[in-house]
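Hello,

Here is the structure we talked about. Please open it and follow along with the notes below.

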Amino acid sequence: QDKLRILSILDEFGVTYIEGGWPGANPKDVDFFSEAKKLKLRNSILTAFGSTRKANTAINNDPILQALLRAETKVICIVSKSSAWQVEQTLKASLTENLDMLSESINHLKANGREAFVDAEHFFDGYKNDSAYSMQFIEAAIQAKADRMILCDTNGGSLPEEVFEITNDLVKKYGKQI
């Protein structure tokens, strides 16, 4: 009930996108998305949040993507690791597999009529350590037609001028594509 009240207040305030959480995380979040469908939002677009398909999982069998689609939100935001180090050390996946997970997940969401936002997790740290891979990540999202890219300073370790310089470089290279 608290989340529904907050959603209504943020809508009144005029917040454009409201990330409501992961609809498969627990019964309360499933109920939240079910009840939120009944609200008549005037200014806001409720967004479900989850992750790309898991490594070694077929796109149609991924329980997270299935839960995201069942939430029936117009927009789904998926988180994906954009740092080569994080992909290899945390996910224990290959860099190619991670890009495939990203592309396939975006394509699946788009094929099911959703807008796809991408949270590029660990983007700035990843870019500083291996900019070539972080750029491949951006390019894969662009090719898959992601609607928005959210560049995350996940650990909060980047200085404002670093964030500005990296973002400025991306805007110069990709313009309005990201």
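**Salt bridges and their surroundings**

Arg 5 is partly exposed, with 49% relative accessibility. Keep in mind that this is a predicted model.

Arg 5 has a salt bridge partner, Asp 2. Their closest N and O atoms are 2.2 Å apart. Both residues sit in helix H1, which covers residues 2-13. They are 3 residues apart there, so about one helical turn separates them.

Next, look at Lys 3 and Asp 29. Their side chains also meet in a salt bridge, at 2.8 Å from N to O. This pair links distant parts of the chain. Lys 3 lies in helix H1, while Asp 29 lies in helix H2 (residues 27-36). The two are 26 residues apart.

Is Asp 29 buried or exposed? Asp 29 has a relative accessible area of 12%. Buried means under 20%, so Asp 29 counts as buried.

Now go to Glu 35. Glu 35 forms a salt bridge with Lys 38. The closest N and O atoms in this pair are 3.0 Å apart. Glu 35 is partly exposed, with a relative accessible area of 32%. Lys 38 has 58% relative accessibility. The cut-off for exposed is over 50%, so Lys 38 counts as exposed.

Which residues are linked in a network of salt bridges? They are Arg 53, Glu 97 and Glu 104.

How many salt bridges does the structure hold? The count is 11.

Best wishes

Terms used
Residues numbered from 1 in each chain as written. Predicted model: local features only at pLDDT ≥ 70, side-chain atom pairs only at ≥ 80, totals over all residues. Heavy atoms only, no water. Salt bridge = Lys/Arg side-chain N within 4 Å of Asp/Glu carboxyl O. Helix = DSSP H or I, 4+ residues; strand = E, 2+ residues; numbered from the N terminus. Buried < 20%, exposed > 50% of the residue type's maximum accessible area, 1.4 Å probe, protein only.
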